[in-house]
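Try each task before you read its solution.

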Amino acid sequence: MDQERKKFLDTIEALENGSVRVAERVEGEWKVNSWVKEVILSGFRIGQRIDMSTGGFSFFDKDTIPMRRFSLEDNLRIVPGGTSVRRGAFVAPGVIIMPPAFINVGAYVDEGTMIDSHAVVGSCAQIGKRVHVAANCQVGGVLEPAGALPVIIEDDVFLGGGCGVYEGTLVRERAVIASGVMITRGTPVYDAVNGCYIRPDASGQLVIPAGAVVVGGSRPVTKGQAASDGIHVYTPVIIKYRDERTDASVSLEEALR
């Protein structure tokens with residue numbers, strides 16, 4: 001085995017056991033380990049396309065990044081029905097995955113999180129503890145450029161059904177993203193509580209504050225013909241910050257565990 005392939009396989013194993021992460025919190029700030037991304041990318045380059053067909057379905061992919069295999073000792077629930085977790089993804093004990101869901105290479109899913117039906121956790125996305133990724137929710141992946149932070153969802157966040165978080169957005173702890181909300185780096189978020197727009201910081205990252213409750217909204221176009229025609233553009237809106245009533249409405253049902 002050549003050195004590049006060995007380094008790739010060793011890194012994939014370290015990602016799976018959680019000893020290495022694509023991004024980690026250092027003194028309160030998230031830092032990307034760009035070398036890990038570079039190694040993951042090397043796996044696509046050095047991998048050979050092979051036949052991975054199984055169960056009457058045809059699959060052809062790189063031999064370096066097949067599906068990950070789990071055992072009962074991993075202490076998580078993967079409900080039958082078409083879920084796929086790629087090698088190089090960390091899935092902590094206590095995680096529940098409903099079918100069908102997909103978790104890509106380099107992703108990190110921490111303890112007590114639920115990944116619901118038709119949800120996607122993209123490559124290198126970082127999901128904290130006790131997060132609810134609801135049905136049909138998409139957490140975007142960021143492999144390139146290697147130095148870019150992936151999407152990061154901190155502890156106790158609720159991502160509602162059909163919502164999407166993309167382009168390296170950081171959602172701070174206990175935030176609630178309502179069903180159908182789409183958050184990207186290019187879409188400013190209006191904080192109705194503080195009367196200001198939240199835009200990407202100096203590093204280009206959009207940060208949703210801790211405890212923010214975000215719903216879908218709009219803002220009027222102020223220039224040109226679109227303004228005259230009364231056109232509005234989509235804008236996520238922070239309508240409040242999390243309180244006891246919010247906690248009650250988004251709490252995970254312990255009986256399901």
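## Rings and their surroundings

At 11% relative accessibility, Phe90 counts as buried, where buried means under 20% relative accessible area, exposed over 50% and partly exposed in between (1.4 Å probe, protein chains only). A word on the basis: this is a predicted model, in which local features need pLDDT of at least 70 and side-chain atom pairs count only at pLDDT 80 or more, while totals for chains, interfaces and linings use all residues. Residues are numbered from 1 along each chain as its sequence is written, and side-chain values use heavy atoms, with hydrogens and water left out.

**Exercise 1.** Classify the aromatic pair of Phe90 and Tyr108.

*Step 1.* Recall the rule: rings of Phe, Tyr and Trp (its six-membered ring) pair if their centres lie within 6.5 Å; planes under 30 degrees apart count as stacked, over 60 as edge-to-face and the rest as tilted.

*Step 2.* The centres of Phe90 and Tyr108 are 4.4 Å apart with 25° between the planes, so the pair is stacked.

*Step 3.* Tyr108 is also buried, with a relative accessible area of 11%.

**Exercise 2.** Which residue lies over the face of Tyr108?

*Step 1.* A charge sits over a ring if NZ of Lys or CZ of Arg is within 6 Å of the ring centre and within 35 degrees of the ring normal.

*Step 2.* Arg21 lies over Tyr108, at 3.5 Å from the ring centre.

**Exercise 3.** Is Phe57 buried or exposed?

*Step 1.* Phe57 has a relative accessible area of 57%, so Phe57 is exposed.

*Step 2.* Phe59, at 42%, is partly exposed.
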